[in-house]
Amino acid sequence: MFIITLSDTPNEPGRVLGVLGQSGEGPVCECTLAVRTFAGKSRTLTLRDYALGVEPVCALVVRLLAQVPAEQRPVSVGSVKHASLSVYRGPSIHDSRLVEHLVARCSSVLLDVDVADELDERSATHMAREYRSTFDLLEHAAATLWWPGEAPPALRPLTDVPVHEGDGTGWVLEQDIPAYARRRLLHHLGGFRGPNPYAYFADDWREFLASLGAARLVRP
């Protein structure tokens with residue numbers, strides 16, 4: 001399972017925000033995050049039909065936190081300048097490894113965002129504004145990295161990516177694969193291979209989808 005920690009103070013470790021699990025068959029599953037609110041009570045957030053592999057876990061956590069009313073979000077409120085979200089994989093926080101780390105830093109002019117996961121590291125810069133809460137800052141950090149606008153787009157299952165057939169060969173167009181899933185596919189294949197520079201072989205795509213289903217986590 002994944003253990004999520006949140007920090008709103010630079011250079012200090014985050015506190016445990018919740019535990020995330022996934023269950024389901026194939027590339028579409030259900031994700032559940034058990035998160036603590038300001039009142040100290042546990043609350044379960046569920047996002048069904050999550051397209052496994054389409055987005056990083058950090059982006060999924062931001063989607064789930066958006067379900068919590070603003071007054072119940074486990075984040076500080078006010079004009080904030082820093083937020084970080086860390087994702088650990090393991091049975092407990094003491095027996096786990098860091099698999100994703102999202103950091104957002106806001107100056108008077110710019111929002112700087114850094115993310116690292118098991119595949120690579122990315123950075124982005126965006127014009128800053130006044131962020132009302134740690135969650136607000138994280139949401140805009142996620143939008144800067146992965147989403148084209150302020151709000152997350154609808155999740156599209158990877159099974160919706162069209163497979164084309166012709167002349168005895170099947171293929172999937174690179175442009176039809178979500179960017180993060182495309183990066184994972186390249187990692188799975190060990191590099192690009194396909195019938196042309198703009199497409200992947202359908203058999204490789206189906207094998208990739210099957211590997212995502214086999215690697216799913218059990219919901220806590």
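**The second largest pocket and its setting**

Student: Which element gives the largest share of the lining of the second largest pocket?

Tutor: In this predicted model, a pocket is an open set of points on a 1 Å grid over the protein atoms alone, where a 1.4 Å probe fits, with protein on both sides within 12 Å along at least five of seven lines; lining residues have an atom within 4 Å of a point. Two helices, α2 (134–146) and α3 (179–189), each give two or more residues to the lining of the second largest pocket. The largest share, 3 residues, comes from α3.

Student: Which residues lie nearest the centre of the second largest pocket?

Tutor: Its lining counts 16 residues, numbered from 1 along each chain as its sequence is written. Nearest the centre are V54, W146, P178, A179 and Y180.

Student: How many residues of that lining are charged?

Tutor: Asp, Glu, Lys and Arg count as charged, Ala, Val, Leu, Ile, Met, Phe, Trp, Tyr, Cys and Pro as nonpolar, and the others as polar. The lining of the second largest pocket holds 11 nonpolar residues and no polar ones. Its charged residues number 5.

Student: Which element has the highest mean pLDDT?

Tutor: pLDDT is the predictor's confidence in each residue, from 0 to 100. The protein averages 85, with 90% of its residues at 70 or more. Among the elements, strand β3 (residues 28–36) has the lowest mean, 84, and the highest, 96, belongs to strand β11 (residues 199–201).

Note on methods. This is a predicted model: local features need pLDDT of at least 70, side-chain atom pairs count only at pLDDT 80 or more; totals for chains, interfaces and linings use all residues. Side-chain values use heavy atoms; hydrogens and water are left out. Helices (H or I, at least four residues) and strands (E, at least two) are DSSP runs, numbered from the N terminus.
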